[in-house]
2 protein chains.
Amino acid sequence: MRQAFTEDFLSTCAKLTDEALAKRLPAPEQQPGRLHEAMRYSVLGGGKRIRPALAMAAASAAGGEPGHALVPACSLELIHAYSLIHDDLPAMDDDDLRRGRPTTHIRFDQATAILAGDALQALAFEWLAGDSSLPAVTRLAMVQQLAAASGSAGMVGGQAIDLGAVGRELSLEELEQMHRRKTGALIEASVRLGVLSVPAAAGERSGQDSLGHYARAIGLAFQVQDDLLDIEGDTSVIGKRQGSDAARSKPTYPALMGVDGARAYLATLLEQCQDNLSGFGPEADALRGMAEFVVSRRY
Amino acid sequence: MRQAFTEDFLSTCAKLTDEALAKRLPAPEQQPGRLHEAMRYSVLGGGKRIRPALAMAAASAAGGEPGHALVPACSLELIHAYSLIHDDLPAMDDDDLRRGRPTTHIRFDQATAILAGDALQALAFEWLAGDSSLPAVTRLAMVQQLAAASGSAGMVGGQAIDLGAVGRELSLEELEQMHRRKTGALIEASVRLGVLSVPAAAGERSGQDSLGHYARAIGLAFQVQDDLLDIEGDTSVIGKRQGSDAARSKPTYPALMGVDGARAYLATLLEQCQDNLSGFGPEADALRGMAEFVVSRRY
C-alpha cells in the first residue's frame, strides 16, 4: 500500500517539478538559442526527479506542504542535470547514452555541453536567491548549503576522487568517502533544503539531525543500488550502457563486497533510514516510501 | 599623476585579493588534493585582478572603503578564473597558454580542469552567501546579480554566441551584443557588487545608474582593447598566443572596423566612462583611473 502511495507521491512531485522547470528555463527563442535548447534538452529529459521528491517529502516531514520546496527542488535538479552533462563528457566518463537518449555533447557538441552545464549551475543559484516566497536568511542558508554540497567538498570533489580512483583498489572507507560526496552530498542537501523551506521549521532544529542521518543513509543506498543496477540491469531499462562502470574498472560496492554483500549492505542502509524516521508520524510517510523506492528501483 | 595613483590602487587591490584568495581557497592537503591544486593554480596564477579592482573602486565611489568589497571581489575572481579554465579547453578555444603559463588542462588534465571550473563556480556563490559582514538582503542581491551575469543571459551566453560565430560575419550590433555578455556582464557586475557592498549605499539608488553606464562602457572598452592586443601584442607580454583569435577567424572589432576604427571607438568608450563619473568627486578617482588603465594596458 505504501508502494502505491510512494508512486503517486513521486509522480506528483515529478509533474510539479517538470512543469516549473519547463516554464522557468529560458526559451529556445531567446538568444543564444542553441545553448538554451541544450539546457532544456538536458533538464527536461525525463529524469526520475528523486532529489525534488526528497526535498518535497522532507518539507512534509517538517510539517509543511510539498509545494513549499518547489523552487529549491528545481535548483537541486539544475545542479544534478549540470553534473550529468559534465560527467558524460569524453574527458570524464565518456558516455553517449543517458536516460535512453544521446548525451548532451552527442546531441549538440562538446562546447555547447560544457557551457550548458555552466549556465545551469549559475541558474540554480539565481533561482534559489530569487525565491521571494522564502525569507532572505532561509534563501541564504540554502545557497550556502547547495553550493557546499556541489563544490569540491561535495559532488564535484566526489567526482574528482572517483576519476582518480579508476583502475586502483579503494578500501570500503575510501569508497564511502567518495560516494558520500559524489551522490550523498546532493541527496543530503535535498532533504535539508526541503526542511528549510517550511516557514515554521526554518528557525528551529527539532528533528533536523535525524533527517540529516536519514539523508546520508539514503545517499549511500542510492549509490549502492546504482552499482548493483550497473551489473544486473538491462541497458534498455536503466538508460545507460550496462556494465559501463565495470568496463572502466571503476571501484563499486559489488566489486568490493560481492553482489550479496552489497545487497545486505543495502538492507542495512534502508533500516538506518527508517530508524531515523521513528520519531515522526504519518507526515514522514513520503520519506519512508522514498527510502523503499530508492533501494528497490530497477532503473 | 593619476597613472601612478591607479597603479598603486591596482597593486593594493591585487595584493588584498591575492592574500584573501590564497587564504580562503581549499588547501592542496585537503582531499581531493589534485582538484584543490588545480583550483589554486588557476586562481592564484597572477591575473591582473581588474574585476576586484573595479569592485573596490566602485565601493570607494559609493562612499565606502575598498575593503568593503573584498569578498564580492574574490567571488568575481573565482567566476572569472572558472570561465578561463573552461574557455581554454580543447572543445572550446583550445589554448595551451594563459598568463604565460600552461593552461589548467595542459598542466593537469581535461577532467580535472572541467571539475576545477565547476567547483570554483560553486565556491563563488558559497563565499558570497556566507559573507557575514554584509546584510542578508545585500548578499542575496549579490548572488542574484552575479549568477545572472555569469549564466546564459551573461558571460556563458556570450561565449556560446562567440563559438557559434566562428567563421561567419557578425554585424557590429551582434558583436557588441556578444561582448556585452561575454566580458561586459561580469565587468558590469563588478561595479554593481562594489556599490552594493557599501552599507549606506546598499539601499539607495543615487549614482547607481551612471555607475551602471560606466560599467557597460568599460566592459566594451576592455574587449576592444583585448582584440587590438591580439593583433598588435607580443605573446611574451600578453601571455597567450598572439593572433590566436584571427587564426580562428573569430569576429573582432579590428576585423570589423579596421585597427584605426577600433582605436577611435576605444577613445569614445573612454569618454563615455569619464562622462558618467562627472557627477562624482575625488571618491571616483579610482574608477576614472581604471578606465584609463583598461584602454591603455599592453597586456
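In the predicted model, B:Arg51 lies over the face of B:Phe222, at 5.5 Å from the centre of the ring. A corresponding description applies to chain A, where the charged end of A:Arg51 sits over the ring of A:Phe222, 5.5 Å from its centre.

Aromatic contacts were examined next. A pair of aromatic rings is described by the distance of the centres and the angle of the planes. Over all chains, a search of the whole structure finds 5 aromatic pairs. One of them joins A:Phe125 and B:Phe125, with ring centres 4.9 Å apart and planes at 25 degrees. Planes under 30 degrees apart count as stacked, and the pair is therefore stacked. This pair crosses between chains: A:Phe125 belongs to helix H6 (residues 110-129) of chain A, and B:Phe125 to helix H6 (residues 110-129) of chain B. Both A:Phe125 and B:Phe125 are buried.

A further aromatic pair, formed by B:Tyr41 and B:Phe108, is edge-to-face, with 5.6 Å from centre to centre and 75 degrees between the planes. The pair links distant parts of chain B, as its two residues are 67 residues apart. B:Tyr41 is in helix H2 (residues 33-43), whereas B:Phe108 is in the loop between helix H5 (104-107) and H6. Both B:Tyr41 and B:Phe108 are buried.

The largest nonpolar core has 194 residues. Within this core, the residues with the most contacts are A:Tyr214 and B:Tyr214. When residues up to four places away in sequence are not counted, A:Tyr214 touches A:Leu54, A:Val191, A:Cys273, A:Asn276, A:Leu277, A:Leu287, A:Met290 and A:Ala291.

A:Leu277 is also among the contacts of A:Arg288. A:Arg288 lies in helix H14 (residues 285-296) of chain A. The relative accessibility of A:Arg288 is 12%. Buried means under 20% relative accessible area, and A:Arg288 therefore counts as buried. Leaving aside neighbours within four places in sequence, A:Arg288 is in contact with A:Arg2, A:Gln274, A:Leu277, A:Phe280, A:Gly281 and A:Pro282.

Notes: Residues are numbered from 1 along each chain as its sequence is written. Chains are lettered from A and ligands numbered from 1 in the order in which they are written. This is a predicted model: local features need pLDDT of at least 70, side-chain atom pairs count only at pLDDT 80 or more; totals for chains, interfaces and linings use all residues. Side-chain values use heavy atoms; hydrogens and water are left out. Helices (H or I, at least four residues) and strands (E, at least two) are DSSP runs, numbered from the N terminus. Buried means under 20% relative accessible area, exposed over 50%, partly exposed in between (1.4 Å probe, protein chains only). Contact means heavy atoms within 4.5 Å. Rings of Phe, Tyr and Trp (its six-membered ring) pair if their centres lie within 6.5 Å; planes under 30 degrees apart count as stacked, over 60 as edge-to-face and the rest as tilted. A charge sits over a ring if NZ of Lys or CZ of Arg is within 6 Å of the ring centre and within 35 degrees of the ring normal. A nonpolar core is a set of buried Ala, Val, Leu, Ile, Met, Phe, Trp, Tyr and Cys residues joined through side-chain atoms within 4.5 Å.
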